[in-house]
Amino acid sequence: MLCTSDENGKFMNELDIADKILGLLIGGHDTASSACTFVVKYLAEIPEIYEGVYKEQMEIAKSKANGELLNWDDIQKMKYSWNVACEVLRVASPLQGAFREAIVDFMFNGFYIPKGWKLYWSADSTHKNPEFFPEPNKFDPSRFEGSGPTPCTFVPFGGGPRICPGKEYARLEILVFMHHLVKRFKWEKVIVDEKIVVDPMPVPAKGLPVKLYPHKP
Ligand code: HEM
């Protein structure tokens with residue numbers, strides 16, 4: 001970006017460069033950390049889901065030699081854990097949505113949208129639509145079993161040409177985090193009814209304090 005000019009030989013100005021760097025830092029860090037936070041929250045709140053993740057991760061842990069690192073095949077085995085992570089991304093989508101600009105005039109649901117208008121697509125309201133996700137407020141990782149949700153209804157990473165390029169890296173990051181956490185600890189929330197604030201990503205208002213209980217050796 002710093003070394004490349006556009007077709008007229010013009011380089012990016014400093015403000016645009018700063019904007020891109022911030023976008024990458026926030027988009028690449030705060031999103032995945034919000035997702036990991038909600039994994040911790042839901043595993044604390046729903047013991048049977050913790051147990052399912054624990055069982056799957058311990059099977060993988062036991063198949064490894066002492067000190068052997070996780071590899072790509074191990075990640076592929078984390079099917080239940082990924083269903084849990086997807087359900088986290090559904091109920092607490094780190095990016096609630098984003099903007100697009102209409103490039104042509106069109107009609108949608110009886111509304112006329114003129115070319116040039118800015119439109120907001122909302123991951124959060126799509127994920128809470130009971131037509132596609134019955135009992136949308138229920139935390140249920142089985143929604144992702146088999147062929148999973150209807151195409152284009154589960155969009156935590158967006159879709160189309162501008163879909164998140166960090167999607168697979170984020171998957172790896174969240175699963176590796178889950179593996180190491182459940183392998184060592186069980187935990188409980190300190191504040192049972194802690195509020196969630198969205199600023200601009202969802203986060204527990206007090207930072208989700210937890211009590212950690214290491215597994216017995
Ligand atoms: C759970 C984690 C993540 C979520 C939920 C997420 C979500 C999203 C979404 C919804 C978009 C599309 C925005 C739009 O359509 O306008 C996006 C774009 C983007 N994401 Fe992610 N993201 C995550 C992790 C990451 C990571 C780890 C990186 C980089 C290391 C990253 C880098 C980017 C970049 C550079 C874009 C802009 C792509 C473009 O405009 O062409 N994201 N992300």
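Helices (H or I, at least four residues) and strands (E, at least two) are DSSP runs, numbered from the N terminus. This is a predicted model, in which local features need pLDDT of at least 70 and side-chain atom pairs count only at pLDDT 80 or more, while totals for chains, interfaces and linings use all residues. Residues are numbered from 1 along each chain as its sequence is written, and side-chain values use heavy atoms, with hydrogens and water left out.

**View 1. H179 in helix α6.** H179 is part of helix α6. This residue is buried (under 20% relative accessible area; exposed is over 50%, partly exposed in between; 1.4 Å probe, protein chains only), and its relative accessible area is 2%. The side chains of H179 and Q57 make a polar contact at 2.8 Å. A polar contact is a pair of N or O atoms within 3.5 Å; within protein, one must be able to donate a hydrogen and the other to accept it, and residues adjacent in sequence count only if both atoms are side-chain atoms.

**View 2. The iron atom of the ligand.** C164 (SG), 2.3 Å away, is the single donor that the protein gives to the iron atom of the ligand. Donors are N, O and S atoms within 2.8 Å of the metal (3.2 Å for Na, K and Ca); water is not among the atoms, so sites may look incomplete. C164 belongs to the loop between α5 (123–127) and α6.

**View 3. Polar atoms facing the ligand.** An N or O atom in the R100 side chain lies 2.6 Å from an oxygen atom of the ligand. For R162, a polar side-chain atom is 2.6 Å from a ligand oxygen atom. At G27, a backbone N or O atom is 3.2 Å from a nitrogen atom of the ligand.

**View 4. The shell around the ligand.** There are 19 residues around the ligand, of which G27, R100, P156, R162 and C164 come nearest; a residue counts as near if one of its heavy atoms lies within 4 Å. The shell consists of twelve nonpolar, five polar and two charged residues. Here Ala, Val, Leu, Ile, Met, Phe, Trp, Tyr, Cys and Pro count as nonpolar, Asp, Glu, Lys and Arg as charged, and the others, Gly among them, as polar. Helix α1 provides five residues, the largest share of the shell.

**View 5. The protein as a whole.** The protein has six helices and eight strands, which run α-α-α-α-β-β-β-β-α-α-β-β-β-β from the N terminus on. Its C-alpha trace spans about 65 × 45 × 35 Å along the principal axes. Of its 217 residues, 34% count as buried.
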